[in-house]
Amino acid sequence: MSFAKRVRQAADPIWQASFHHPFVKELGEGTLDRAKFRYYVMQDAYYLRHFARVQAIGAAKSPDLATTARLAHHAQSTCEAELSLHETFAELLGITEEERAAFMPAPTAYAYTSHMYRAAYEGHLGDVIAAILPCYWLYYEIGERLKTCRPNDPIYEKWISTYSSDWFRSLVKEQIDRLDAIAAAVTEEDRRRMEQHFLISSDYEYKFWEMAYELERWPSAGLVESR
Ligand SMILES: Cc1ncc(CO)c(N)n1
């Protein structure tokens, strides 16, 4: 079994939990509370800004020019396509400049992006890909599961169509193949570390839905208000 298949299987219970999370289910059904989606969009814009930078670290750590070019292209795609998607959402959802200015990353968004930076800075290209692959791959699988859903809501439909597109599928496949090629050439210790990055990112993907669904806040935010 390929390395990617093996780690995907090891992560399956937590991926299943993401597939069945109320945020994902209600998005597909069109019943998801707008306030939760709005919160998600703002946290996800933050997440994607950092995701693009981690992809760029991958570009810098690539051992050959062709891979540097591909990873840089992925970083650029994240910046252009996904952030323009978010701009559209911000407009449709009426997110204001003041809200943007007052934005604070939630604990989970902060921890997840920090995990990716850590894997990227401490490791080699294999660590970078292992840490970022669940982001691509899980969303692709969610897109596939939701693509027959008709939430009857243009915003939720746009979200689903982005992640079930051929464009997105080809990016996911490219990174899966890259992970397998790297895993075949490194040491057992490297593979163990890469698997751990993949599993931790899979856990954070689940926590990201939970964060949005519960409108997660820092503990100190509650303390300030109750004073
Ligand atoms: C948290 C998260 N993971 C993955 C993706 C897909 O790129 C996204 N937009 N946000």
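Predicted model: local features only at pLDDT ≥ 70, side-chain atom pairs only at ≥ 80, totals over all residues.

Reader: How many helices and strands in the chain?

Author: The chain has 12 helices and zero strands, taken as DSSP runs (H or I, at least four residues, for helices; E, at least two, for strands) numbered from the N terminus. Its radius of gyration, over C-alpha atoms, is 18 Å, close to the 17 Å from the globule rule for 227 residues, so the chain is as compact as a globular protein of that length. That rule is 2.2 Å times the number of residues to the power 0.38.

Reader: OK, ligand. Which residues surround it?

Author: D44, Y47, L48, C135, Y139, E205 and F208, where being near means a C-beta atom, placed from the backbone, within 6 Å.

Reader: And which helix gives the largest share of that shell?

Author: α4, with three residues. α4 (34-61), α8 (125-146) and α11 (188-213) each supply at least two.

Reader: Where does UniProt put the "active site" feature?

Author: At E205, in an unreviewed entry; such annotations may be inferred rather than shown by experiment. E205 sits in helix α11.

Reader: Is E205 buried or exposed?

Author: Buried, because 22 other C-beta atoms lie within 10 Å. The cut-offs are 20 or more for buried, 12 or fewer for exposed, and partly exposed in between, with C-beta atoms placed from the backbone.

Technical notes
Residues numbered from 1 in each chain as written.
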